[in-house]
Amino acid sequence: MVVVQRSVSGLRVAAAPFVVPGPTGVAVRDRLKQLTAGDVEVLRLVGAHMGALASRDLRVRCADGLEHSADSWAGRKRALTGVSSSRWAGAVTKASHDQWALGRRCQAAHIRGLEAGIGMLRHRLSLPVGERGSKKAPGGYRSRREWHAKSRRLAALEARHTAAVADWRAGRVRVVRGGKRLLNTRHHLADAQLTQAQWRERWEAERWFLSADGESGKRYGNETIRVSPDGQVSIKLPVALAGLANAPHGRYVLASRVRFAHRATEWADRVEVNRAVAYRIHYDTRRGRWYLTASWTRPVTQSVPIEAALAHGVIGVDTNADHLAAWRLDPHGNPIGRPRRFFYDLSGTADRRDAQVRHALSRLLNWAKTCGVAAIAVEDLDFQAEKTREKHGRKRHFRQLISGMPTGKLRARLTSMADATGIAIIAVDPAYTSKWGAQHWQKPLTSTTRRTTRHDAAAVAIGRRAQGHPIRRRTAPPHDDQSDRRGHRTVQAGRRALGREETRPRIPGPRTRSVPPGRGANAGDQNAQNRSGRSAEHGAWQQDSLPLSP
C-alpha cells in the first residue's frame, strides 16, 4: 500500500520529477513474402506441433505452482527435448515460466482492484442514505434500493476476493493460451462478425508456437530460427518433422527473404558478429500474411541528468482522451509561443489505435527537435485506483474516458521513440496540475486572438513542475503606488522561503528613500569624525569604547 504524504494544509506532497530510463530492448518486423505452398505447410505443421508441446508444458508449470524449482524445470526440458530439440525445449519452458509469472502479476493486480472496490463500498454503505459527498470522497447512496443492491455487490466482491487470495496463497494461476478474450469470442460470433471457421483459424494461429531465443556465439545469433545477413530464413525442424527438411542438419530454408526497413544496420551489425537475436514467426489471419519479428536487448544507457536536459527549456504535455496538449517553456518557466495540440483517434482495432498514438508522438517529437528542446515533461499517471465502478458508479462516461486514455502505452511509446532522437522524457507527479494550471495560467494566457483551454494550462503546469518551479502564479503588482494593499508582488521567492505566499509585513519607519533630519547631508561626513565605527547609515551602529582612566 502506497502512503500518500500530505502537507500541513492537507495537500498531497508532489513527488520529485525524474528522467524516465530508456528502453532495454528493440523489436523490428518484416513480412515474409513470396512463400511457396510448401513453406506455408511446413510453418503450419511446426507451429501446431510446438504449440501442442507448449500447451502441455504450461499445464505442468501451472500445476507445480509455488513448488516449482530448478530440478522440475530441468525435468520438463528433458521431456520436451526428445520430441523437439534442446533449443526448442529451452524456448518452450522459458515461455511457460514467463507466462506463469505474468499471470501471477495480473492476479496480484486483480486482488488490489477488489480491495479498492470493497473499501469504497464499505465506506459508502456506512454513510446515511442521501448524504452528499465531497471532492475527496463520495457520499452515501441516493436511495434504499441502491444501498441494498450495493450491499449485495459487496458480498459478491468479498467472495471473489476470498477466492483470489486463496489462489494466490496456493500459487494457482489460470492461463489461457491464445487469450481469454478470443476464447470468449467463441460464444459471440455474431457480435464479432466471425464465422465458426474463421474463429477456429484465428484460435489455432494464436496457439501456435514459432519463437526462438537467441544465443550469443552461435551462427548469426540463433540456431533454431536463423536469419543470415542477406535475409535468408531457415528453421531447425523438430525431431518429429525432420523428414520435411530441405537443407542439411535437419533444417528447412524458406523461399522468402526478409529486409528490415527499420534498424536494419543495427540488426546486421549484431548478426555479423554472432550476437543473440530472438525471432518470432506469426500468422495474421485477418490479412492472410506471415511476419517475422526480430528482437534483442540493449545495454542500459546512463540517463541524462535532469539539469542538463532542462538547460534549453522543456515542453509540457498534458495527456487527454483524444489529443496531446503541449506548450513550450523557457528555462525560467515562462510559456513561449502558442500551444500545440496533437490529435489522435482511439476508435477501431488495436493496430489502428497504436498507429494513431505513434503518429501523434512523431509529430510531437518533430516539433521538439524544431524548437531545439531536449526534454519533454509528461505526467506519471496511473488510473488503476480511479477506474473502480464503486467510486464512479453513475459516471459511466467518465469511467470510460479515463479507461480509454492510453497513459501507460503512450508513455512507453514516447520513451522508446524519444530515445532514438536524444530527447529526455521527464515524468512528474500529476497532483493538482489540471486544477492549478486552470486557476493560475488559463486566464493570463488567454487573449483576444488566443483561447487557452484547461489542457493547455495544465501543460504549462506540468512543464513548470518538471523544472522545479512552483505552479501557482503570483498576482500582478500594484499599478498606482508602491504599497502592498493589493497583495504580494510577482517576485519569485525561494520555494522554502518562509512566508513567501503572504503579503509584505509592515515595517515601522520610513518606507521610501527620503532621509530624516540628522541622517542626511546636513549631518556631515560621519565617517570622517572621531568615531570608533561606521555610520549607522552604512553599517551596524557601534558604541564608543569606555575610557581607561577617570
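Q: Contact means heavy atoms within 4.5 Å. Which residues does His323 touch, not counting residues up to four places away in sequence?
A: In this predicted model, His323 touches Asp318, Arg341, Phe342, Phe343, Tyr344 and His455, with residues up to four places away in sequence left out. His323 itself lies in strand S10, residues 323–329.

Q: Why is His323 called buried?
A: The relative accessible area of His323 is 7%. Buried means under 20%, so His323 is buried.

Q: What makes the pair of the His323 and Asp322 side chains a polar contact?
A: The distance given for the two side chains is 2.9 Å, and the limit for a pair of N or O atoms is 3.5 Å. Residues adjacent in sequence count only if both atoms are side-chain atoms; here the contact is from side chain to side chain, so the pair qualifies.

Q: Is Asn320 buried or exposed, and how do you know?
A: Asn320 has a relative accessible area of 8%. The cut-off for buried is under 20%, so Asn320 is buried. Asn320 sits in the loop between strand S9 (314–319) and S10. Its side chain reaches the backbone oxygen of Asp318 at 3.1 Å.

Q: What makes Gln34 exposed?
A: Exposed means over 50% relative accessible area. Gln34 has 70%, so Gln34 is exposed. Gln34 is found in the loop between strand S2 (25–31) and H1. Its phi is near 60°, a positive value in a residue other than glycine.

Q: What is used to describe two packed helices?
A: The angle between their axes and the distance between the axes are used.

Q: Which residues of H1 and H3 meet?
A: From H1 come Val46, Met50, Leu53, Ala54, Asp57, Leu58, Arg61 and Cys62. From H3 come Trp88, Val92, Thr93, Ser96, His97, Gln99 and Trp100. The residues of this contact divide into nine nonpolar, four polar and two charged.

Q: What makes H13 roughly perpendicular to H14?
A: The axes of H13 and H14 cross at roughly 105° and come within 7 Å. The range for roughly perpendicular is 65 to 115 degrees, so H13 is roughly perpendicular to H14. Among the residues making the contact are Trp436, Gly437 and Trp441 of H13 and Ala457, Val460 and Ile462 of H14. The contact residues divide into eight nonpolar, four polar and four charged.

Q: Which residues in H13 are buried, and what do they pack against?
A: In H13 (residues 433–442), Thr433, Trp436, Gly437, Ala438, His440 and Trp441 are buried. The buried residues of H13 pack against strand S11 (335–343), strand S12 (375–379) and helix H14 (454–467).

Q: Why does Gly437 count as buried?
A: The relative accessibility of Gly437 is 0%. The limit is under 20%, so Gly437 counts as buried. Gly437 touches Tyr432, Gln442, Ala457, Ala458, Ala461 and Ile471, not counting residues up to four places away in sequence.

Q: How many helices and strands does the chain have?
A: The chain has 14 helices and 13 strands. Buried residues make up 37% of its 550 residues.

How values were computed. Residues are numbered from 1 along each chain as its sequence is written. This is a predicted model: local features need pLDDT of at least 70, side-chain atom pairs count only at pLDDT 80 or more; totals for chains, interfaces and linings use all residues. Side-chain values use heavy atoms; hydrogens and water are left out. Helices (H or I, at least four residues) and strands (E, at least two) are DSSP runs, numbered from the N terminus. Buried means under 20% relative accessible area, exposed over 50%, partly exposed in between (1.4 Å probe, protein chains only). A polar contact is a pair of N or O atoms within 3.5 Å; within protein, one must be able to donate a hydrogen and the other to accept it, and residues adjacent in sequence count only if both atoms are side-chain atoms. Ala, Val, Leu, Ile, Met, Phe, Trp, Tyr, Cys and Pro count as nonpolar, Asp, Glu, Lys and Arg as charged, and the others, Gly among them, as polar. Axes are lines fitted to C-alpha atoms, for helices over the stretch in contact, and angles run from 0 to 180 degrees between N-to-C directions. Angles under 35 degrees count as roughly parallel, over 145 as roughly antiparallel, 65 to 115 as roughly perpendicular and the rest as oblique.
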